[in-house]
Structures are given as C-alpha cells and as structure tokens.
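Dear colleague,

I am handing over the structure below, and after it I describe what was found. Please keep it open beside this email while you read.

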Amino acid sequence: IQLPADLTKMHLTDNPHPQVTHVPSSQSGCSIASDSGSSSLSDIYQATESEMGDVDLTGLPEAPVDSEDEEEEEDEDIDRTSDPLLGRDVVRECLEKEPADKTDDDIEQLLEFMHQLPAFANMTMSVRRELCSVMIFEVVEQAGAIILEDGQELDSWYVILNGTVEITYPDGKSESLCMGNSFGITPSLDKQYMNGVVRTKVDDCQFVCIAQQDYWRILNHVEKNTHKVEEEGEIVMVKEHRELDRSGTRKGHIVIKATPERLIMHLIEEHSIVDPTYIEDFLLTYRTFLTSPLEVGNKLLEWFTVDSLRDKVTRVVLLWVNNHFNDFEGDPAMTRFLEEFEKNLEDTKMKGHLRLLNIACAAKAKWRQITLQKPSRDSPLFFSLLGGSDKGFGIFVETVEIGSKAAEAGLKRGDQV
C-alpha cells in the first residue's frame with residue numbers, strides 16, 4: 001500500500017526540551033488541515049501549570065487520547081462508511097414508519113441524511129427536524145409513471161431520495177430533477193395547481209412527501225425560533241433558538257447567519273451554552289468568507305487595548321495558534337501579527353499567557369532546512385542569534401532584517417537553530 005505523499009515526509013527528531021512536545025506534522029500547506037488537527041492546549045497547560053497563577057483558560061477543548069475503545073470505534077466507522085447501503089437501509093426503516101411512530105432516534109437518523117440534500121440546505125436545524133417528524137415515504141417502482149398531471153391540484157411538497165423525474169411543461173420544454181431536488185407546493189395555504197406533467201424516468205423512484213398544511217405550518221412558524229439583530233435598518237445577524245435536551249437546561253441561541261463583520265465581533269461576545277465551540281468553528285471556516293486572516297488579526301489587536309476584552313482576545317489567539325499554526329508560519333504578515341501580539345503580552349505583563357503562547361508556537365513549529373548563501377566570508381548575515389550553553393537554553397533567531405536575503409530564505413524571529 002502506497003503511503004500518501006505528504007505522510008512520507010514526516011520525520012521525528014530528539015527533543016532537547018522535555019517539557020515541550022514537538023509534534024512534527026505533514027508538510028501540507030492546507031491551512032484548514034492544521035498541523036495536528038483541532039487539538040487542545042492540554043500539553044501546554046502541564047508545562048505551565050506551576051506558573052500560570054490565576055490565568056482563566058476554562059472552556060478550551062480537551063484533546064482526544066488514543067485508546068483501544070477508540071480504535072474499535074474507528075473500525076466500526078470504517079465498516080459503516082464502506083457499506084453505504086447499510087446506512088440507506090437504516091434511513092429507509094425510519095422513513096417507512098408512520099409519523100406518529102417515529103422515535104427521537106429515528107428523527108435524528110433522518111436529520112443526518114436529509115441535511116445533505118439541496119432541498120433542505122437553506123433551512124434551519126429546527127425546521128429540518130420538524131419536517132423529518134412529519135414526512136411520509138413513497139415509492140414509484142415503474143419508469144414512465146405519471147406522478148402529477150398538468151393542472152392537478154397540489155397537496156404536498158416532494159423531495160426526491162432516489163431516481164430521476166422529468167417535468168414536461170405545456171410549452172414543450174422539459175426539466176429533469178434528481179436526488180435532493182424538490183417539486184410541488186410552496187409554503188402557502190392557497191390552492192395551487194401543477195404546471196406541467198411529472199413522470200418518473202427510471203425504475204424505483206423514491207420520495208418523501210410533506211402535506212401542505214404541515215409544510216406551511218413549519219416554514220411559517222420558524223420566526224418564533226429565530227432572533228434577528230439589526231443595525232441601521234439592516235439585518236446583520238440571525239440566531240436560532242435550540243434546545244439540546246428535553247430538560248430545558250441546555251437551551252439558547254446559536255448563530256446561523258451573519259455579516260463577516262458581525263461574525264468577527266462575536267468572537268469576543270458571550271457564547272450560548274448550545275454554541276460552545278463558536279471560536280473553533282470560526283477559525284476553521286473564516287477562509288470561506290474573508291479574503292485575509294489579517295481582517296481578524298487587526299481587530300484582535302484593536303480589542304486587546306480594552307482591558308475587559310484582553311483575556312477573551314488572548315484565548316482566541318491561543319486557540320488559533322494551537323489549531324491552525326500554518327496560518328502564521330506560511331504568511332509573513334501573520335507572523336508579524338503574532339510578534340506584535342507577543343509584544344503586547346510582554347507590555348501588559350501577562351506572563352502566564354505569554355509563556356503559553358511561546359510553548360504553543362514551539363510545539364506546533366515544523367522542522368525545516370534553510371540555505372543562506374553569502375557572497376563573501378565578511379558579508380553580514382542580516383539576522384542575530386540569542387542563547388547558547390552560557391545562557392542555559394537553545395540558540396534562537398532574535399531578529400531578522402526585513403527584506404533581507406535571510407528573510408527571503410524564510411528565516412524568522414523565534415526560529416530555533
């Protein structure tokens with residue numbers, strides 16, 4: 001079996017600092033696949049536990065530890081994913097039950113399957129859950145069977161789970177719909193009629209149907225579960241109310257939609273008990289709606305000057321460094337941001353947080369080889385070193401001249417030689 005190309009580049013080296021665990025990663029440049037996944041800072045806590053004092057780091061995630069149980073679970077996951085028909089069979093069993101007979105587990109199974117379909121893509125979680133609780137399963141076994149006639153009164157919303165249907169319009173044009181597409185009524189109680197003929201194109205077409213009354217009720221009562229935040233007459237954030245258990249103790253609002261500016265601002269706002277991983281989720285997905293990570297970095301530096309926000313900003317940066325170190329290591333502008341943030345921690349005498357940041361950077365850094373050529377023996381190096389045996393710690397790069405050959409070669413402040 002051939003190893004993935006980036007896996008073969010991994011290498012382990014002796015660790016000169018026993019209190020810091022170096023985790024060499026693959027050489028992948030993908031920021032989303034961070035050096036060691038979305039791991040925690042628990043290894044760093046241990047190294048700094050005696051020095052941290054009253055630093056509040058509650059809420060940071062714990063790192064998973066490999067165990068025999070997890071290996072067994074992984075094997076089960078592999079078996080499950082290797083047989084997609086097994087998953088489909090479980091879903092079909094849930095679908096074939098009458099709505100009144102569906103259990104909470106059945107609805108969760110349906111929810112996991114349905115959220116992948118385009119027809120449900122723009123719906124909130126609570127709406128999808130309610131639709132799953134009332135949907136009815138139908139199968140049309142023969143190709144060419146007419147499902148809806150032109151002008152027929154509609155009474156349901158249909159979503160295709162398997163097969164293909166064709167809609168032939170009165171003007172002769174036709175349209176094919178496949179898995180995940182929908183047709184039928186719109187969310188209204190008005191009488192509606194089919195425009196065109198709907199027929200199956202293949203055998204064994206499967207659908208879920210939701211009655212007009214249920215479809216209208218669920219989609220038009222979604223407002224009670226959402227809270228919209230407006231600024232200057234425009235909606236800048238939409239939150240959905242969710243309950244994670246029936247006891248009512250774990251309930252609150254979760255952000256489901258917002259402008260990029262409000263999503264950044266929410267990093268330092270209070271997070272609901274039902275949305276405890278907002279920061280991690282944001283740091284994983286911001287690349288899809290921001291052009292540069294500096295948009296986040298500059299805001300964090302600005303908020304750091306506010307005493308009441310300082311701890312929250314520091315927590316965001318620590319999680320960012322720990323989970324996505326490639327964002328900093330591969331971007332000179334972000335490296336400068338990290339240096340400026342480090343200086344701010346020094347200036348404000350936040351020594352516990354500073355040590356945590358330094359050890360996080362050391363633990364996440366990757367080994368690399370840099371070649372720097374000098375035109376002559378007496379030419380300057382354009383960088384300075386700090387440390388050595390007389391200092392009692394390793395040799396580190398203290399400064400690198402901006403725009404120099406050393407900087408172009410990739411040498412950075414903080415590199416250990």
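A residue is called buried when its relative accessible area is under 20%, exposed when that area is over 50%, and partly exposed in between. Please bear in mind that this is a predicted model.

With those cut-offs, Phe382 is partly exposed, because its relative accessible area is 32%. Phe382 is found in the loop between H13 and strand E12, which covers residues 383-388, and its phi is near 70°, a positive value in a residue other than glycine. Most residues other than glycine have a negative phi. Lys349 also has a positive phi, near 55°, and it lies in the loop between helix H12 (332-347) and helix H13 (351-364). Is Lys349 buried or exposed? At 66% relative accessibility, Lys349 counts as exposed, because the cut-off for that word is over 50%.

Turning to the aromatic rings, a search of the whole structure finds 14 aromatic pairs. One of them joins Phe282 and Phe289 in an edge-to-face arrangement, with 5.8 Å from centre to centre and 65° between the planes. Phe282 is buried, with a relative accessible area of 3%, whereas Phe289 is partly exposed, with a value of 29%. Both residues belong to a cluster linked by ring pairs, in which you will also find Tyr278, Tyr286, Phe304, Trp320, Phe328, Phe337 and Phe341. Phe304, a member of that cluster, also has the charged end of Arg310 sitting over its ring, 5.1 Å from the ring centre.

Ile395 is found in strand E13, residues 393-400, and it is partly exposed, with a relative accessible area of 35%.

Finally, how many disulfides does a search of the whole structure find? The search finds zero. For Cys94, the nearest cysteine sulfur is that of Cys132, 9.9 Å away, and Cys94 is therefore in no disulfide, since the two sulfur atoms of a disulfide must lie within 2.5 Å. Cys94 is buried, with a relative accessible area of 5%, and Cys205, at 0% relative accessibility, counts as buried too.

Conventions
Residues numbered from 1 in each chain as written. Predicted model: local features only at pLDDT ≥ 70, side-chain atom pairs only at ≥ 80, totals over all residues. Heavy atoms only, no water. Helix = DSSP H or I, 4+ residues; strand = E, 2+ residues; numbered from the N terminus. Buried < 20%, exposed > 50% of the residue type's maximum accessible area, 1.4 Å probe, protein only. Phe/Tyr/Trp six-rings, centres within 6.5 Å; stacked < 30°, edge-to-face > 60°. Lys NZ or Arg CZ within 6 Å of the ring centre and 35° of its normal.
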